[in-house]
Amino acid sequence: MTIDRLACVAVPLFALAARLRSEPELRGEAVAILAGNGSAARVIAATKIARRAGVRPGVTLLQARALLPGLVARGRDAACERAAQEALFETAETFSPRVEDAGEGVVLLEINGCERHFPGATAEHDLGHALILAAGRTDLPCGVGIASSKLAARVAAALPSSPTVVPAGEEARFLAPLPLARLAPEIDLAETLARWGIRSVGDLARLPKDEVISRLGVLGQRLHQTARGLDPQPLVPRLPPPDFREGLEMEWPLVALEPFLFASRAALERLTQRLETRALSCARLGFELRLEPDGLHARAIALPAPTRDVKALLTLLRLDLEANPPGGAVVGFTLIAYPDRPRESQLSLLGPADLSPDRLATLLARMFALLGPGRVGSPQVVDGHLPERAALVDFDPPAPPRVRPEPRPGRGLLAVRVLRPAIEIEVITDGKAPAGTLPEELEPSAFSQPAARPLALRAIAANAASAATHDSIAASASSAPANDHGKRQGAAARPRIEGTVRVASGPWNLEESWWSEQPVARDYWDVELTEGGVYRIYRDRTAGSWFADGVYD
Amino acid sequence: MLMPMSMPEPAVSSFAQFRSTLPAALIKQLRSGRELVRADEAVHREAPLPTSLAELDRLLGGGLERGALTELIGGRSSGRFGMVLAALAAATTAGEATALIDLGNGLDPQAALDAGCRLERLLWARPERLRDALAATEMALQSGFALVVLDLGCPPVPGGRSSESSWVRLQRAAAAQGAALFVSAPYRVSGTAAATVLRARVRRVLWNGADGEPRLLAALAAHLAIEKSRASTPLSHQTTTREAQLALRVPGSFAAEILAAVAARPGFDSAQPSGRRARQAFPPVQRVSSPRLNVSNHLILAQPFPGAMVPNHNHPSVSNHL
């Protein structure tokens with residue numbers, strides 16, 4: 001039977017280590033972590049500089065400040081500690097798939113077979129060194145103990161000469177000198193054992209098993225088993241988390257965006273580093289802002305492709321907060337990365353090169369941040385008949401062909417450049433209107449003629465002053481029944497359309513959505529102007545207005 | 001390949017040493033895998049990216065130069081957008097990933113599909129300002145796209161011409177990645193950064209039907225001319241002509257005027273029957289409509305158009321009704 005070998009990774013002064021990981025600028029300072037409120041707050045951990053000055057666990061803040069006036073005091077931060085614990089857990093997972101989360105900066109991992117990655121006589125010792133180095137890369141200094149039982153491994157991890165390896169079968173001997181309190185017996189049981197004269201773990205282990213069970217019951221059996229270096233409960237590996245979280249409690253409330261983004265950047269870097277250890281990327285970025293005095297602002301940003309690009313994620317965070325301000329001072333935040341597998345690609349020997357998945361994900365995220373939602377993607381044909389219809393889907397190109405295909409002759413088609421939104425135009429039609437007159441001078445019946453042929457046209461307010469032109473065009477454009485799903489271009493410069501019609505072809509009637517509240521009924525014409533340009537224009541039969549919605553180009 | 005037993009066993013790390021032991025006749029025919037791949041990459045890296053329009057490719061010496069900026073300028077209805085779609089169709093059909101930075105937001109996905117584009121290989125970005133368009137173009141170039149098209153739409157371009165340094169920056173990004181950068185603009189914008197500048201002018205708009213009869217848009221004849229070509233490019237020694245005529249037709253149109261416009265094409269056989277000549281001049285277009293029509297709940301009232309014997313596929317009411 002194979003004896004399970006366990007490694008315990010323990011971070012000493014975990015609350016302090018987690019805080020320093022979140023605020024790396026505090027390294028080298030005299031820092032103390034306090035638990036409790038107000039005058040009842042006590043120091044639970046302090047850096048080496050503070051300890052040298054006499055700041056010990058249990059002293060109050062006032063006492064600590066009296067010993068060291070320049071002491072930086074911080075409260076316990078649950079978000080920091082949770083994130084640090086996750087980071088430690090994920091580091092352990094890079095060594096073994098079976099990792100148990102023991103909490104408070106301690107993880108246990110089964111290392112059966114892992115020693116084969118470290119050839120030599122001191123394989124387990126080398127593995128312990130590798131674990132210490134890996135945890136150090138996540139800014140968590142730790143100790144490592146390797147043994148065949150959880151307690152032995154935990155005790156070994158707390159020893160100063162880390163890593164400490166307890167050979168298989170030597171656990172009982174290793175644990176024997178420890179005081180009985182390390183087994184954490186319950187108070188009643190501890191008193192009983194003390195009356196029996198049992199002071200150390202070794203004393204308990206030497207007692208006959210059956211006698212202990214008959215006198216102390218199930219609890220005694222468990223203690224006796226532990227004292228003999230046997231685990232009463234097997235390792236319980238944790239399932240991978242559905243999301244990754246990093247956060248921070250602020251020292252004081254933040255009201256400006258820039259300081260918040262500064263703190264968020266460090267959190268995002270830690271988040272992406274954790275994702276990278278699992279070969280995952282962020283598919284959706286959520287964030288929760290805790291507001292003063294008691295509020296929560298929670299949002300999520302959908303990403304066009306899974307990415308680990310911190311710059312793009314930070315830009316998206318900024319844009320979202322600018323568009324949706326939280327409405328209160330921020331006292332703490334949590335960033336949540338919902339993971340997904342990044343896109344994979346296979347290199348081709350003879351075909352066209354595929355896009356690098358990482359670079360593509362970064363590109364999409366940055367373009368998304370630059371242009372806004374609904375402006376980047378792969379075009380898709382939309383069911384319907386309105387010429388301006390278009391849709392965007394996520395850009396996820398298929399793998400290129402294995403062999404580069406031979407080029408084929410093109411179709412040489414004339415394309416229509418769609419004007420989104422359509423430009424409202426004035427049109428002079430044949431029949432009742434004399435050439436050169438403006439539409440407002442026409443009889444209303446001229447518009448009611450369905451087959452009225454356009455003779456001349458111009459964009460409304462195209463000849464006015466530029467500022468007024470933009471406003472009026474924007475106003476008129478907004479009334480056009482365009483079907484663009486994105487936001488309108490607003491006051492952007494629009495093409496000027498004006499001239500006499502040289503050739504007109506039409507009308508082609510189009511009706512759509514007649515069953516809905518916004519039916520579409522149009523008469524389309526192709527017109528060539530003597531001044532140049534071939535346009536696709538239409539008359540909206542509902543409103544009687546004319547619009548140009550495309551240029552043949 | 002069978003080798004005699006006396007030959008040394010090839011080692012991966014000493015391929016050159018192994019090759020030196022072979023007979024001279026065999027050495028010339030033997031290539032390592034790395035040499036084969038590099039030679040193939042070199043050919044495709046240096047070969048221009050064809051646009052699938054014979055006239056345009058002939059002018060450009062085979063197509064759009066990789067690692068360089070090619071600028072196409074032209075006013076309204078000069079055929080610029082048709083050429084852009086043709087270039088995108090050729091690249092996507094070849095399996096390349098392409099990006100269209102569409103400042104005018106003028107792409108009709110159905111038109112791109114009709115032109116032959118593989119839409120799933122096309123990244124469509126719709127910036128609102130020239131500054132954003134230039135930034136998006138640079139990002140796309142740095143990400144490894146084989147062809148990046150920047151279309152500035154109809155005049156006036158929002159944002160003007162931008163500074164020349166930004167175009168030089170784009171040109172360097174294209175050169176660094178070996179990507180073809182195709183800029184379509186209503187007027188010159190890229191300054192000295194462009195390796196090749198083409199100007200397109202509308203020569204004639206071709207309509208079916210005579211005066212007094214119902215008319216139907218058939219095609220657009222454009223005149224292409226090279227305004228600038230950098231001496232170091234292959235263009236200078238490969239191209240014999242600096243001007244060309246190009247006809248872009250409305251899908252389904254085979255007007256007599258189009259035949260006349262393209263009759264001057266090299267290899268065009270005027271002795272063939274007109275229908276065959278038309279098919280030779282323009283490869284047949286695959287009809288796209290039935291799936292959309294079948295699933296649609298829309299009601300189309302196509303007004304009969306007297307005298308219009310040829311369907312105009314640009315009008316959805318007609319194309320879908322037919």
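In chain A, five strands form an open sheet in the order 5-6-1-7-8, and the pairing within this sheet is mixed. Here two strands count as paired if DSSP finds at least two bridges between them, while the elements themselves are DSSP runs numbered from the N terminus, with helices (H or I) of at least four residues and strands (E) of at least two. The structure is a predicted model, in which local features need pLDDT of at least 70 and side-chain atom pairs count only at pLDDT 80 or more, whereas totals for chains, interfaces and linings use all residues. Residues are numbered from 1 along each chain as its sequence is written, and chains are lettered from A and ligands numbered from 1 in the order in which they are written.

The edges of this sheet are strand 5 (99–103) and strand 8 (164–165) of chain A, each of which pairs on one side only. Strand 5 of chain A runs antiparallel to strand 6 (residues 106–110) of chain A, to which four bridges join it, and V99(A) has L109(A) in strand 6 of chain A as its bridge partner. Helix 6 (residues 150–157) of chain A packs on the sheet, where it touches strand 1 (6–10), strand 6, strand 7 (143–147) and strand 8 of chain A, and its direction makes about 145 degrees with that of strand 7 of chain A. Such angles run from 0 to 180 degrees between N-to-C directions, with axes being lines fitted to C-alpha atoms, for helices over the stretch in contact.

A second open sheet of chain A has four strands in the order 9-12-10-11, with antiparallel pairing. Strand 9 (244–254) and strand 11 (295–307) of chain A are its edge strands, and the twist from one strand to the next averages 15 degrees. Seven bridges pair strand 9 of chain A with strand 12 (residues 330–340) of chain A in the antiparallel sense, and L248(A) stands opposite F333(A) of strand 12 of chain A.

Helix 4 of chain A lies across strand 9 and strand 12 of chain A, running at about 155 degrees to strand 9 of chain A. Helix 4 (residues 78–93) of chain A also packs with helix 1 (residues 14–22) of chain A, at an angle of about 90 degrees and with the axes 8 Å apart. That makes the two helices of chain A, helix 1 and helix 4, roughly perpendicular, a word used for angles of 65 to 115 degrees, while under 35 counts as roughly parallel, over 145 as roughly antiparallel and the rest as oblique. Helix 4 of chain A contributes C80(A), E81(A) and A84(A) to this contact, and the residues from helix 1 of chain A include F14(A) and R19(A); two residues are in contact if their C-beta atoms, placed from the backbone, lie within 7 Å.

Helix 11 (residues 257–277) of chain A has 21 residues and reaches 30 Å from its first C-alpha to its last, close to the 30 Å expected at 1.5 Å a residue; the expected span is 1.5 Å times one less than the number of residues. Its buried residues include F260(A), L268(A) and L275(A), where buried means that 20 or more other C-beta atoms lie within 10 Å of the residue's own, exposed means 12 or fewer, and partly exposed is in between, with C-beta atoms placed from the backbone. Among the elements that cover the buried residues of helix 11 of chain A are helix 4, strand 9 and helix 12 (310–323) of chain A.

Chain B has 13 helices and eight strands, and 48% of its 322 residues are buried. In strand 5 (residues 180–185) of chain B, six of six residues are buried, with A180(B), F182(B) and S184(B) on one side and L181(B), V183(B) and A185(B) on the other.

| Partner strand | Sense | Bridges |
|---|---|---|
| Strand 1 (residues 69–74) of chain B | parallel | five bridges |
| Strand 4 (residues 147–151) of chain B | parallel | five bridges |

Between the chains, 70 residues of chain A are in contact with 90 residues of chain B. Strand 17 of chain A gives the most to the side of chain A that touches chain B, with eight residues. Strand 13 of chain A pairs with strand 3 (residues 122–125) of chain B in the antiparallel sense over two bridges, and G377(A) has W124(B) as its bridge partner.
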